[in-house]
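Let's take a walk through this model together, stopping at a helix, a few sheets and the nonpolar cores. Keep the structure open as you read.

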Amino acid sequence: MKRKKGIPMKSNTLFYFGSLLILASLAACSGTKHLAEDEFLYDKGTVTIHKDSMDAQRKATFETYMQTLLTPKPNKKFLGQRFKLGMYYAGGGADTTKNLVRNWLKKRGEEPVLLSDVNREYNENILRNRMENLGFFNSYVTSDTIIRGKLGEVKYNAFPGNIYRIAKINFEVDSLKELGRDIYSTRNQSLLQVGSNYNLDVIINERERIDNDLKNKGYYYFSPDNLLVEVDSTIGNHKVNMYVTLKPETPEKAKHPQKIGNIFIHPNYKVTDGGYTLSNPKRYELYQNNFYIIDRQNTYRKKVLANHIFFKRGDTYNRQDHNLTISHLVNLNAFKFVKNNFVDTPDSTNSMDVYYYLTPLPKRSLRFEALAKTASVYNGTEGNVNWTVRNAFKGFETVNLTLFGGYETQTGGNVNLNSSYLRYGAEVSITWPRLLSVYKWAPSRRFIPKTYTKVGYEFLNRRNAYTLNSLTINYGYNWKEHEQKQHDLALLEIIYVQPRNISAEYQAQMDTVPTLRHIVDPQFSFGPNYSYTFTNSMENKQHTFYAKAGLNTSGNVLGLIQGANYKDNKVETLFGTAYSQFVKVEADFRHYMKLTPKSTLASRIMIGTSYSYGNSKSLPYLKQYYTGGPTGLRAFRARSVGPGSSMPENIGKENFFADQTGDFKLELNTEYRAQISGMFHWAFFIDAGNVWLQREDENKPGGKLTGSFLKELAVGAGAGLRFDLDFLIIRTDLALPIRVPYRPSSERWVFKEIDFGSSTWRHNNLIFNLAIGYPF
């Protein structure tokens, strides 16, 4: 295909492959020539399960799991080479050196893992114990060493015995006592099930389950170690009976529920105070008949602080309220440390006083951020200053003031009207850790709901073209039902954009291509927004999901009242500016399938739709959909696809590129991700998508959404390296288009034109993306 001029990829491609050359040179140093004559490098350890009754898939999974138990681990490999071992030797190996570069390499390398480091007997015992803990009694393991040149391998042969299953479970506890009754009442939720195989992990989890249930019934001093699960394996037929009992040496205090006595809160505690000092309740005033709040400086409003303490005097202790209180105090964004202590009440039996020691964060903080960015031939820098005030009004409110600025310029290709820009602005926000509403409602006790308000201003100066002044105002709530579901309701979002200083050159372009006018139209939208997010991606499951749906509206009630109708040239205004009238709905659904412990197939579908009416012919520019770029269609530049089959605008010798936006959007992505070794990961991906218009536009023929929209999808594919630094993921992707929607329908697939050997083809088609984080 022929892509627009001015997007050379030479320098970025060299950067992309340069890192591979550096790693390859280090890998070349990772051989075995540094080993002594009687030393062998430990290459790998393998486990083979010998069990005819086990099917092949289960056996392979079991072998993979057992191999993870072996120690030590061989030196890490990258592209088949031990690159970290190479770094160690490049740094001088065992020799000491003061050279900074060699020291840096050595510290990040790995010492050789030798065959002599492997304790075969220890590993045999680990494997045998693991099999028996899973119910394979009378198992045994043998091992052999295999040497090939200077590499050594240890092969373990595991022979699982017959698996033992549960025949009967008995809860042998004294039902005449309160503790015995409470334990016995949990038997229907038992993890131990008749017919299941014996499993030590399940037994441990069962003890913890019972303990957790007892904790929520007041047994603060009880411990899983107070429970004993006895196993009788002599009943025959490879079955066992289980007996859940209470150990005789269980402390007396652990056998009784505890009540909550006095509650002391120290919200200005300093770690340097030297330990936790017990408090005398006679010295302090009792607040709400429940709390002693020791806050002599009156730093916090007592009512707000008390709302986040879920214990009350005289309550029976329970772990749920214990954890809930700690969670709230931590998430108030006001305390650096939250400590909690329970002490027996001096003058009462089976009662505990509760102490909370809260170390405040600094009331004010200042943070500076600066970053450089690159995208195709555009390069620039951004920076911001963030000033935070915590507990601003003594009710744990957080005030943030952010000042930001950025500059981007075109460093390659033809210079045009869109070649550079300068932007700066500010945003101030206030967040309250509660719902400020005339209606008393609390969506969940577990999470802290928030009320927020934001006011922001931005000035954008696109040199030689135009300037834009933007004002945004938001007020709303966000809250969680539980850890998987989140809601965000903006009761009011106001966006006001006013263009200024439109250059004569840009005006001339607008007269030639009217679609450019939409970018600098005054924009005024206001209305409520709502979004709902569900995710279980934090769970360790084979299939996890992320879903987000949102509703965005503007001017609907006012437009109906005023009878606005652009078709009859009846465009109404508010404060002298025409306002937008639309309903916009969008959804983002993602699926993550774990193929192996080190590989995942991630997929995403994004759907966006809208309906503009009354006062508006289409969505305002800032609300329109677009695709392309490092988080969308990575084989195309951002905003360079669509709408529909319309041709991107390339105007005159300056090659000005108009943003391609629309009222509807469909995007499909799938990506195979796998770990190579350590922090090095790679991915292969395919992206497809486009945007469309709600109504016909003579300036964008083929842009309206029709029943044949699937034939107008742009498709791209590529691969990339990812560097997972734990706190940061650096992503590099190299992609190429394989289907171009604005070409004739019979010529949209461009497989036949792919020619990696042609510099012209590479120049016009390869797109390099450097980004932070995963695209989805």
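In this predicted model, helix 9 buries Asp321, His322, Leu324, Thr325, His328 and Leu329. An α-helix has 3.6 residues a turn, so residues three or four places apart point the same way. The cover over the buried residues of helix 9 includes helix 8 (302-306), strand 10 (335-344) and strand 11 (351-360). Helix 9 itself takes in residues 319-330, which makes 12 residues, and it spans 17 Å between its first and last C-alpha, close to the 16 Å expected at 1.5 Å a residue. Look at its start, too: a side-chain oxygen of Asn318 comes to within 3.2 Å of the backbone nitrogen of Gln320.

Is Thr345 buried or exposed? Its relative accessibility is 9%, so Thr345 counts as buried. Its side chain makes a polar contact of 3.0 Å with the side chain of Asp353. With neighbours within four places in sequence set aside, Thr345 is in contact with Gly261, Ser351, Met352 and Asp353.

In soluble globular proteins, nonpolar side chains tend to be buried together. The largest nonpolar core here holds 24 residues, and those touching the most other members are Ile263, Ile265, Leu329, Phe335, Tyr356, Leu358 and Phe396. Two or more residues each come from strand 7 (259-266), strand 9 (291-293), helix 8, strand 10 and strand 11. Strand 11 gives the largest share of this core, four residues. Leu358 is worth a click: beyond its neighbours within four places in sequence, its contacts include Ile265, Leu305, Leu329, Phe335 and Phe337. Another core, of 20 residues, lies apart from this one and has Leu179, Ile210, Val240 and Met242 among its members.

Next comes an open sheet of three strands, in the order 1-3-2 and with mixed pairing. Its edges are strand 1 (41-49) and strand 2 (140-148), each of which pairs on one side only. Direction ignored, neighbouring strands of this sheet are turned by 20 degrees against each other on average. Val47 stands opposite Tyr156 in strand 3. Helix 5 (residues 120-133) lies across strand 1, strand 2 and strand 3, and runs at about 140 degrees to strand 2.

Gln675 has His681 of strand 28 as its bridge partner, while Phe684 is partnered by Ala719 in strand 29.

Here are the strand pairs side by side:

| Strand pair | Bridges | Direction |
|---|---|---|
| Strand 1 and strand 3 (residues 151-159) | Eight bridges | parallel |
| Strand 27 (residues 664-677) and strand 28 | 13 bridges | antiparallel |
| Strand 28 and strand 29 (residues 714-724) | 10 bridges | antiparallel |

Strands of a sheet pair through backbone hydrogen bonds, either parallel or antiparallel.

Methods. Residues numbered from 1 in each chain as written. Predicted model: local features only at pLDDT ≥ 70, side-chain atom pairs only at ≥ 80, totals over all residues. Heavy atoms only, no water. Expected span 1.5 Å × (residues − 1). Buried < 20%, exposed > 50% of the residue type's maximum accessible area, 1.4 Å probe, protein only. Contact = heavy atoms within 4.5 Å. Polar contact = N/O pair within 3.5 Å; in protein donor to acceptor, adjacent residues only side chain to side chain. Pairing = 2+ DSSP bridges. Axes fitted to C-alpha atoms, helices over the stretch in contact; angles between N-to-C directions. Core = buried A, V, L, I, M, F, W, Y, C linked by side-chain atoms within 4.5 Å.
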